[in-house]
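Reader: I'm new to reading protein models. Could you walk me through this one, feature by feature?

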Amino acid sequence: MKIYILKTDIDNYRGCYLKKTLVDRKVFRKLNKGNELTLTPEIQLEYDKENTNPVGDICECYDFTAYFINNKCKTIFLGIPRFNIQFISINDDFILCNNLEVIDSLDKHKTKFKYFESDIFGVEQYFFKDYDYPPLFQVKLPNSLIIRDYLVTNDFVRIVNDNNLKGFLFEEVWDSEKD
């Protein structure tokens, strides 16, 4: 099994900006922490007008860390077993993804962590425990911080490629065969 970090292809597809900057930041502190949002955030977004690249099936907001997908992606993702995402419709173009799958799956003895002073704040090199991984997830660090990155399995990558979804990039971070 391989695990990848999900990224967006901002070199070839448009990203988006907040149209209205007065957004309740408390909403974004709750986003992608494994909990459902109980109300739809009032967000106004627009595509990057300076960028003439086409719109992909996924885009990243430049103003805060969040992924937005279109209805094509949502329909495909709803058919994936164990895909634990809350989809929040913002408007006809944007559906906000809130990841609900946060797991403690790092092999703490092999993983090389990034430190600031004596505090762990990220991962330099990933090593994972033997686990039945869902297609998309986030991980907790030993200090209970949740890494912002969405991690995906090779099954997720295959589904994206088989359905010709645009705007997705994947950076391999772990291969169980090499561990």
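Reader: Let's start with strands. In which sense do β1 and strand β12 (residues 151–153) pair, and over how many bridges?

Author: Keep in mind that this is a predicted model. The general idea goes like this: strands of a sheet pair through backbone hydrogen bonds, either parallel or antiparallel. Here, β1 and β12 pair in the antiparallel sense, over three bridges. To see one of them, find I3, whose bridge partner in β12 is T153.

Reader: Which other strand do bridges join to β1?

Author: That's strand β13 (residues 168–175): seven bridges join β1 to β13, and the two run antiparallel. For a spot to look at, K7 stands opposite L169 in β13.

Reader: How many of the seven residues of β1 are buried?

Author: Five of them, so strand β1 (residues 2–8) is mostly covered; buried here means under 20% relative accessible area.

Reader: Okay, now whole sheets. What is the strand order in the open sheet of four strands?

Author: Read across that sheet and you get β4-β5-β7-β6, with antiparallel pairing. Its edge strands are β4 and β6 (85–89), each of which pairs on one side only.

Reader: How many bridges join β4 to β5?

Author: Three, and these two strands run antiparallel. Look for C59, which stands opposite F68 in β5.

Reader: Which strands does helix α2 lie across?

Author: Helix α2 (residues 71–78) lies across β5, β6 and β7 (95–99). Compare directions and you'll find the helix running at about 95° to β5.

Reader: Next, hairpins. How many residues are there between β9 and β10 in their hairpin?

Author: Two residues. In that turn, E117 has a positive phi of about 55°. The strands on either side, β9 (residues 112–116) and β10 (residues 119–125), pair in the antiparallel sense over five bridges.

Reader: What about the surface? Which residues make the nonpolar surface patch of about 260 Å²?

Author: I10, Y17 and Y62 make that patch. Take Y62 as your landmark: it lies in the loop between β4 (58–60) and β5 (67–69).

Reader: Why does Y62 count as partly exposed?

Author: Because its relative accessibility is 33%, which falls between the limits of 20% for buried and 50% for exposed.

Reader: Now charges. How many salt bridges does a search of the whole structure find?

Author: Nine. The idea is to look for a side-chain nitrogen of Lys or Arg within 4 Å of a carboxyl oxygen of Asp or Glu. One of them brings together the side chains of K49 and E46, at 3.4 Å from N to O. K49 is exposed, at 66% relative accessibility, whereas E46 is partly exposed, at 26%.

Reader: Which side chain meets K108 in a salt bridge?

Author: The side chain of D104, with 2.7 Å from N to O. K108 counts as partly exposed at 36% relative accessibility, and D104 counts as partly exposed at 42%.

Reader: What is the distance, N to O, in the salt bridge of R148 and D149?

Author: It's 3.8 Å. R148 is partly exposed at 32% relative accessibility, and D149 is partly exposed at 22%. Salt bridges that share partners join E60, R148 and D149 into one network.

Methods
Residues are numbered from 1 along each chain as its sequence is written. This is a predicted model: local features need pLDDT of at least 70, side-chain atom pairs count only at pLDDT 80 or more; totals for chains, interfaces and linings use all residues. Side-chain values use heavy atoms; hydrogens and water are left out. Patches are made of residues with over 30% relative accessible area and no salt bridge: like charges are joined within 9 Å, nonpolar side chains (Val, Leu, Ile, Met, Phe, Trp, Tyr) within 5 Å. Accessible areas come from the Shrake-Rupley method with a 1.4 Å probe; for residues, only the protein chains shown count as cover. Buried means under 20% relative accessible area, exposed over 50%, partly exposed in between (1.4 Å probe, protein chains only). Two strands pair if DSSP finds at least two bridges between them. Contact means heavy atoms within 4.5 Å. Axes are lines fitted to C-alpha atoms, for helices over the stretch in contact, and angles run from 0 to 180 degrees between N-to-C directions.
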